[in-house]
Amino acid sequence: RPQQSSTEHTAPTTQSFVPEAGGSVLVMLTPDRASGTVTAQVQDPRLPALTVTDQGVTRGDGIFETLMATPGQGQDGAGFHLRKSAAHLARLAASAEATQIPVPSEQDWRDGIAAGLGVFAAGNPGRAAVVKLVATRGPEAAPGGGHYGGGLDAGGLDSSAPSGPARVEQLTGTYWALVSPVSEASSHARETGLKVLLLDRGYESGVQERAPWLLLGAKTLSYAVNMAAMRHAKSQGADDVIFTSSDGKVLEGPTSTVLMARRVPRADGTQGVELITPLRRNGILPGTSQGVIFAAAERAGWELGYGPLVPDDLMDADGLWLVSSVRLVAPVTHLDGVELTVDHELTEQLSAFLAEDLDPGSHGPVD
Ligand code: PLP
């Protein structure tokens with residue numbers, strides 16, 4: 001992928017900062033032109049770290065990923081298992097390509113995350129963490145050339161640039177990993193289920209192919225619309241949202257993927273399960289949770305389907321869920337005020353599939 005630098009791996013540097021219980025850890029990934037490497041600087045997230053001209057702030061021009069790290073399994077350094085890490089880093093690279101934001105290499109991100117998790121664990125022993133990775137387009141150019149504050153030269157992407165220092169030279173964005181405790185609200189949604197409103201997303205389902213500049217398949221920082229939809233749902237007494245297209249297709253939640261199940265009779269007289277998610281080319285973010293659930297469901301002999309779905313399909317389903325990396329598998333109990341079938345056995349099976357953390361393969365966000 002052209003945006004990935006292939007810098008030499010160097011040990012991240014850390015400072016003596018340790019968060020208080022419940023506190024977060026920030027790791028700034030800084031390209032070092034002199035050495036041609038990316039260094040990871042651990043710091044207190046409550047202290048200033050960005051310039052106000054950063055285009056991630058002024059224009060929402062950036063990309064991100066949110067991952068879950070669970071303690072005690074030790075596969076990813078610092079005694080944590082970073083769940084679905086390959087799928088998240090692949091999606092970050094795809095978002096980078098769609099937005100033409102140059103990003104550090106996968107190894108640079110992994111080193112930064114490991115440094116952050118190590119310090120996080122010192123202040124939050126035994127706690128699971130949310131890891132948010134962010135890459136912005138970096139500081140705006142100042143009038144008359146140059147940059148405010150950051151001192152980086154505006155750099156176009158040159159995917160033919162050689163590796164090493166020349167690649168680091170292209171990393172003109174701003175990059176960080178924020179490691180925080182998982183909130184109580186995440187497990188609450190799983191246990192009590194969600195009341196969901198169907199809301200019009202305002203574009204038709206074919207728009208992604210016609211207007212790729214809308215960046216619908218990329219995970220960009222521009223979530224103001226998604227958050228406004230959530231506030232609207234809350235003002236109506238609901239917990240969450242499922243967006244529909246203007247031509248009536250089911251899309252996704254503002255921060256989640258829609259999954260529905262139907263119990264289907266098999267030829268041998270037993271019952272099977274068909275698991276369906278909306279058609280991805282209908283302008284939605286391909287979910288990593290959906291990808292690994294599909295991979296495990298396929299292995300378990302379930303039938304899989306990719307929409308298109310309409311709201312009546314959801315109403316008639318034998319189970320409906322919103323799935324995402326931190327809240328995991330949350331059952332939908334009500335859709336537009338209508339009580340739905342909630343199947344606890346299916347919810348548990350989907351949660352177990354997600355926990356298997358299989359390689360999503362062709363069901364992954366970038367197949
Ligand atoms: N769709 C949108 C718009 C999202 O923001 C998210 C996650 O935040 C998802 C789907 C679910 O993706 P994942 O399962 O990779 O967390």
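Q: How many residues does helix H8 have, and what distance does it reach from its first C-alpha to its last?

A: Please bear in mind that this is a predicted model. In general, an α-helix has 3.6 residues a turn, so residues three or four places apart point the same way. Helix H8, residues 288–299, has twelve residues and reaches 17 Å from its first C-alpha to its last, which is close to the 16 Å expected at 1.5 Å a residue. Just after H8, Gly301 takes a positive phi of about 85 degrees.

Q: Is H8 largely enclosed or exposed?

A: A residue counts as buried when its relative accessible area is under 20%. Ten of the twelve residues of H8 are buried, so the helix is largely enclosed by the rest of the structure. Among them are Thr288, Ser289, Gln290, Gly291, Phe294 and Ala295.

Q: Which residues are closest to the ligand?

A: The ligand is surrounded by 17 residues, of which Lys219, Tyr223, Thr288, Ser289 and Ser325 are the closest. H8 supplies at least two residues of this shell, as do H2 and strand S12 (319–324). For polar contacts, one looks at the distances between N or O atoms. An oxygen atom of the ligand lies 2.5 Å from a polar side-chain atom of Tyr223. For Thr288, the distance from a side-chain N or O atom to a ligand oxygen atom is 2.6 Å, and a polar side-chain atom of Ser289 lies 2.6 Å from an oxygen atom of the ligand. The protein covers 94% of the 390 Å² of accessible area that the ligand has on its own.

Q: Where is His363 placed, and which residues does it touch?

A: His363 is in the segment after helix H10 (344–356). This histidine is buried, with a relative accessible area of 8%. Leaving out residues up to four places away in sequence, His363 touches several residues, including Gln290, Gly291, Phe294, Ala295 and Glu298. With the side chain of Glu298, the side chain of His363 makes a polar contact at 3.1 Å.

Q: Which members of the largest nonpolar core touch the most other members?

A: A nonpolar core is read through its members and the elements that supply them. Val103, Trp109, Leu117, Val131 and Leu133 touch the most other members of this core, which has 31 residues. Helix H3 (106–123) and strand S5 (129–136) are among the elements that each supply at least two residues, and H3 gives the largest share, six residues. Beyond its neighbours within four places in sequence, Leu133 is in contact with residues including Ile63, Leu89, Trp109 and Trp176. A second, separate core of 24 residues includes Ala261, Ala296, Val329 and Leu350.

Definitions and conventions
Residues numbered from 1 in each chain as written. Predicted model: local features only at pLDDT ≥ 70, side-chain atom pairs only at ≥ 80, totals over all residues. Heavy atoms only, no water. Core = buried A, V, L, I, M, F, W, Y, C linked by side-chain atoms within 4.5 Å. Buried < 20%, exposed > 50% of the residue type's maximum accessible area, 1.4 Å probe, protein only. Helix = DSSP H or I, 4+ residues; strand = E, 2+ residues; numbered from the N terminus. Contact = heavy atoms within 4.5 Å. Expected span 1.5 Å × (residues − 1). Near = heavy atom within 4 Å. Polar contact = N/O pair within 3.5 Å; in protein donor to acceptor, adjacent residues only side chain to side chain. Areas by Shrake-Rupley, 256 points an atom, 1.4 Å probe, with all protein chains shown as cover.
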